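Hi,

Here is the structure I promised to pass on to you. Please open it first, and then read my notes alongside it.

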Amino acid sequence: MQIPYIVAALRKHRLATFLIALQISLACAVLCNACFLVVQRVQSTQMDSGIEEAALGTVKLSGFTPDQAADLNARMLAALQGIAGVEAVSVVNMVPFGEPVASAGVRLDQDGKHFGGVIDFYVGDAKAVSTFGLQLLAGRLPQADDYTPIADTVPANPVVLITQTLASHFWPGQNPVGQQFWAMGTSFRVAGVVRHLSVAAPGGGQSADPDWAVFVPAVAGPQLAGKYLLRGRPADIARIVEDARAVANQTATDAVLDVEQSRTVPALRASYFNSSYVMALLLLGVCVALLGTTALGIVGLASFWVTQRSKQIGIRRALGATTGDILRYFQIENFLIVSLGIAIGMLLAYGLNLGLMRFYELPHLPLAYLPAGAVALWILGQLAVLAPALRAAAIPPMAAIKAV
């Protein structure tokens, strides 16, 4: 019953109504997209790398020449294996969340006409698969004769382990075992499919999916040296890595220990995603600040209107309006203003997301974020107007009339 009168009153205050509705619409647009970005950031940090991270650590050496590689590997493998608690040691070219080393665009036909995408190539010795803890889903693991010397970056015509995500992308609906693809001047044949194996820099490289990676078996040597993967009990791995650093300094005096990359894999993950955590916190801070500013705007406008309408409120109370009637009036009025702002804000949110998709390659904003943002702003609006509305409802009729 009050809505027609409320709309008529708002028409007399078009500018104030429009400004607060515009503020709410901007808050809606930013809130929906910011919350979506926060969820995206948090989800990216929870990705499954496919390896048993809690039990793994790495040691990286640099500053040695290729002719030193064989001797360096032999000395380091023997020394690292002697550390208390070490269950396995292998030579690899990289680990998830560490430095990217080998990635390339691949073709699905020998003529190079069918581009498959850019993927990461993990290269490791005969112990690397078990040390990583990769989970085989189909096919077989590399056999002894599959480990061959590296020609340049990878061995010539090797077999590989491929992730199920990458296999589905390359050959949808087909059995990937035995399939071939080409890259870096050689062919690769799929021997087996693993559940997951993350690229070294998920979300930061050219790979379209974090699971676009393969494992290539190889013999450690000049092109595969200096990066060592250690496995131990999760409770011991931090201590094992500290001991491994000390052992490396004593054993490989002719090389340089890379302290930043010689860490546990959980530490590498935390460091890699640190910027994502910071960005998520900043976006949450922006959302809180924006909602707070919007709430203050609603409180200020409602308080102003309470002051301006003291006489009308007093007359209504004198004519029999109850405290609940006055309270409902301001709540309905605020609900209409917020609803107008939300309607505009949903269009702005969609347009903002289109811009982010175009210039920053972000995914499409799910529609569920729009009603969620609308509900949040409706609740915020009702809470923000509650104090001014209660103050208006408490005005004594005679005092309001005499004060004007």
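Below are my notes on the cores, the helix packing and a few loop residues.

First, the ground rules. This is a predicted model, in which local features need pLDDT of at least 70 and side-chain atom pairs count only at pLDDT 80 or more, while totals for chains, interfaces and linings use all residues. Residues are numbered from 1 along each chain as its sequence is written, and side-chain values use heavy atoms, with hydrogens and water left out.

Let me start with the cores. A nonpolar core here is a set of buried Ala, Val, Leu, Ile, Met, Phe, Trp, Tyr and Cys residues joined through side-chain atoms within 4.5 Å. Buried stands for under 20% relative accessible area, exposed for over 50%, and partly exposed for anything in between (1.4 Å probe, protein chains only). The largest such core has 48 residues, and Leu61, Phe121 and Phe181 have the most contacts inside it. Its largest share, six residues, comes from helix H6 (residues 237-251). A second, separate core holds 42 residues, including Leu10, Cys32, Ala34 and Phe330. Helices (H or I, at least four residues) and strands (E, at least two) are DSSP runs, numbered from the N terminus.

Now the helix packing. Axes are lines fitted to C-alpha atoms, for helices over the stretch in contact, and angles run from 0 to 180 degrees between N-to-C directions. Helix H8 (residues 274-308) packs against helix H10 (residues 323-360) at about 135°, with the axes 12 Å apart. H8 and H10 are therefore oblique to each other; the scheme calls angles under 35 degrees roughly parallel, over 145 roughly antiparallel, 65 to 115 roughly perpendicular and the rest oblique. H8 brings Ile298, Leu301, Ala302, Trp305 and Val306 to the contact, and H10 brings Phe330, Glu333, Asn334, Ile337 and Val338. Contact means heavy atoms within 4.5 Å. By class, eight of the residues between H8 and H10 are nonpolar, one is polar and one is charged. Ala, Val, Leu, Ile, Met, Phe, Trp, Tyr, Cys and Pro count as nonpolar, Asp, Glu, Lys and Arg as charged, and the others, Gly among them, as polar.

H10 also meets helix H11 (residues 369-393): their axes come within 8 Å and cross at roughly 150°. That makes H10 roughly antiparallel to H11.

Finally, some loop residues. Which residues have a positive phi? Phe97 does, near 75°, and so does Asn157, near 50°. Most residues other than glycine have a negative phi. Phe97 sits in the loop between strand S2 (86-91) and strand S3 (103-107) and is buried, at 4% relative accessible area. Asn157 lies in the loop between S5 and S6 and is exposed, at 53%.

Pro158 is in the loop between strand S5 (136-139) and strand S6 (159-163), and is buried at 4%. Pro158 touches Thr186, Ser187, Phe188, Arg189 and Val216, leaving aside residues up to four places away in sequence.

Best wishes
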